[in-house]
Amino acid sequence: MGHHSHLRLCTAVALWCRDSYYRDVAALFSEGDRYCRPDLDPAPDEEAVVYGYAATIRGMAERLDAQGVTVEGPRTCTATGG
């Protein structure tokens, strides 16, 4: 049975990882953000339930702000190419 994790921003997948997850990203979510739903198209050897975490944009912005993350970091990396 394979597992994967991904971070989706609206409809775009920003991060994707197979058989693992990004601990720093997972730390942004709480148990209150957890959900489960039926998998509409499970593989024969897969569980028919999908588990995930979801948060509102405002809630995530507040969490990032509390950790000192600003938009300047990504802007600087984009501007300098690194």
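On a 1 Å grid over the protein atoms alone, a pocket is an open set of points where a 1.4 Å probe fits, with protein on both sides within 12 Å along at least five of seven lines; its volume is the space filled by probe spheres set on the points, which are joined across faces, edges and corners. The lining, meaning residues with an atom within 4 Å of a point, comprises 41 residues, and those closest to the pocket centre are S5, H6, Y51, G52 and Y53. The model is predicted, so that local features need pLDDT of at least 70 and side-chain atom pairs count only at pLDDT 80 or more, whereas totals for chains, interfaces and linings use all residues. Residues are numbered from 1 along each chain as its sequence is written, and side-chain values use heavy atoms, with hydrogens and water left out.

The lining divides into 25 nonpolar, 8 polar and 8 charged residues. Here Ala, Val, Leu, Ile, Met, Phe, Trp, Tyr, Cys and Pro count as nonpolar, Asp, Glu, Lys and Arg as charged, and the others, including Gly, as polar. At least two lining residues come from each of β1 (4-9), β2 (12-18), α1 (23-26), β3 (34-38), β4 (49-53) and α2 (57-66). The largest share, 6 residues, is supplied by β1.

These elements belong to a chain with 3 helices and 4 strands, arranged along the sequence as β-β-α-β-β-α-α. Helices (H or I, at least four residues) and strands (E, at least two) are DSSP runs, numbered from the N terminus. Of the 82 residues in the chain, 9% are buried; buried means under 20% relative accessible area, exposed over 50%, and partly exposed in between, with a 1.4 Å probe and protein chains only.

C17 is buried because its relative accessibility is 16%, while C36 counts as exposed because its relative accessible area is 51%. The structure holds 0 disulfides, a disulfide being a pair of cysteine sulfur atoms within 2.5 Å.

The loop between β3 and β4 contains D39. D39 is partly exposed, because its relative accessibility is 25%. Beyond its neighbours within four places in sequence, D39 is in contact (heavy atoms within 4.5 Å) with E47, A48, V49 and V50. Although D39 and V49 are 10 residues apart in sequence, their C-alpha atoms lie 4.9 Å apart.
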